[in-house]
Amino acid sequence: MITMNEVIREGHPTLRKKAEPLTFPLDSSMTELGEELLAFLINSQDPEIAEKYELRPGVGIAAPQVDVSKRMVAVHVPSQDPESSDPEFSAILVNPKIVSHSVQQTCLSDGEGCLSVDREVPGYVPRHKRVTLEYYELTGEKKKVRLRDFPAIVVQHEIDHLNGVMFYDHIDPENPLALPDNIEVLGSEEE
Ligand code: SB7
Ligand code: NI
């Protein structure tokens, strides 16, 4: 089981490397890692399990964050509708790639955080509002999905990890709360 002990933190060189693409068929160690990354997210969002194992809640995690420099991430974004039990977007993404995106940008009103960053970093993180994402499932099946708003932001944060980019690299160092022209600010989750 993945816990916070397996999550590497800022300063670890793997977080600044470009991760390697995977080739199919995946070996079982990679299939298992994908499933473990998704299980971590689901566990981290369960208040009892999260408390018991001291997990920080997360909606995404990338393989480099557990020191595996491969192009794999898991995303588990719960539904905004508390009545619905199906997540808004939940997937293990292998070799994910944004093939097109909107000109329109968005950002979260509370900024972003990261499981690999044990401090609050204030500031807006501009992201594409809509993305078209191509990726492979663990089986090798190719998928193409369109995402917008929060799920699109999460996928951009995770793909950044595959390229050695941290969320705060996008924050304006002169004025962290300066908003680019025409950006839409998204109320994060509880709104
Ligand atoms: C806010 C949080 C995340 C993504 C986008 C906005 C995920 C945080 C967890 N991670 O560190 C995943 O890399
Ligand atoms: Ni992160």
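Begin by selecting Arg9, Arg56 and Asp118, which are linked in a network of salt bridges. The model on the screen is a predicted one, and the structure holds 12 salt bridges. This tour visits several of them and then turns to annotated sites, the surface and the backbone.

**Stop 1: Asp169 and Arg16**

Select Asp169 together with Arg16. These two residues form a salt bridge in which the closest N and O atoms are 2.7 Å apart. The pair links distant parts of the chain, 153 residues apart: Asp169 belongs to the loop between α3 and β8 (184–186), and Arg16 to the segment before α1. Are the two partners buried or exposed, or something in between? Asp169 is partly exposed, its relative accessible area being 38%. Arg16 is likewise described as partly exposed, with a value of 44%.

**Stop 2: Arg127 and Asp160**

Next, select Arg127 and Asp160. Their side chains meet in a salt bridge, with 2.8 Å from N to O. This pair, too, links distant parts of the chain: Arg127 is in strand β5 (residues 127–128) and Asp160 is in helix α3, 33 residues apart. Both Arg127 and Asp160 are buried.

**Stop 3: Glu184 and Lys129**

Now select Glu184 and Lys129. The side chains of these residues meet in a salt bridge, again with an N to O distance of 2.8 Å. Colour the two residues separately and compare their surroundings. Lys129 is buried, with a relative accessible area of 8%, whereas Glu184 is partly exposed at 29%.

**Stop 4: the annotated positions**

Keep His157 selected and display the cartoon. His157 is found in helix α3. With a relative accessibility of 9%, His157 counts as buried, because the cut-off for that term is under 20%.

Glu158 lies in helix α3, which comprises residues 149–162. Glu158 is buried, and its relative accessible area is 3%.

**Stop 5: a charged patch on the surface**

Switch to a surface view and select Glu6, Glu32, Glu35 and Glu36. These residues gather in a patch of negative charge on the surface. Where in the fold is Glu35 placed? Glu35 is in helix α1, residues 28–44. The relative accessible area of Glu35 is 46%, which makes Glu35 partly exposed.

**Stop 6: the backbone**

Return to a view that shows backbone atoms and select Phe24 and Pro25. What kind of peptide bond joins Phe24 and Pro25? The bond is cis, with omega at about -5°. Pro25 lies in the segment before α1.

Move on to Asp67. Asp67 has a positive phi of about 65°, although Asp67 is not a glycine. Its place is the loop between β1 (60–62) and β2 (72–77). Asp67 counts as partly exposed, at 38% relative accessibility.

Then select Asn95. The phi of Asn95 is near 50°, a positive value in a residue other than glycine. Asn95 lies in strand β3, which covers residues 89–101. Is Asn95 buried or exposed? Asn95 is buried, with a relative accessible area of 18%.

**Stop 7: a distance across the model**

For the last stop, select Thr106. Thr106 is found in strand β4 (residues 105–108). Thr106 is buried, its relative accessible area being 0%. Thr106 and Glu20 are 29 Å apart in space, C-alpha to C-alpha, and 86 residues apart in sequence.

How values were computed. Residues are numbered from 1 along each chain as its sequence is written. Chains are lettered from A and ligands numbered from 1 in the order in which they are written. This is a predicted model: local features need pLDDT of at least 70, side-chain atom pairs count only at pLDDT 80 or more; totals for chains, interfaces and linings use all residues. Side-chain values use heavy atoms; hydrogens and water are left out. Patches are made of residues with over 30% relative accessible area and no salt bridge: like charges are joined within 9 Å, nonpolar side chains (Val, Leu, Ile, Met, Phe, Trp, Tyr) within 5 Å. Accessible areas come from the Shrake-Rupley method with a 1.4 Å probe; for residues, only the protein chains shown count as cover. A salt bridge is a side-chain nitrogen of Lys or Arg within 4 Å of a carboxyl oxygen of Asp or Glu. Lys and Arg count as positive and Asp and Glu as negative; His and the chain ends are not counted. The place of a charge is taken as NZ of Lys, CZ of Arg, CG of Asp or CD of Glu. Helices (H or I, at least four residues) and strands (E, at least two) are DSSP runs, numbered from the N terminus. Buried means under 20% relative accessible area, exposed over 50%, partly exposed in between (1.4 Å probe, protein chains only).
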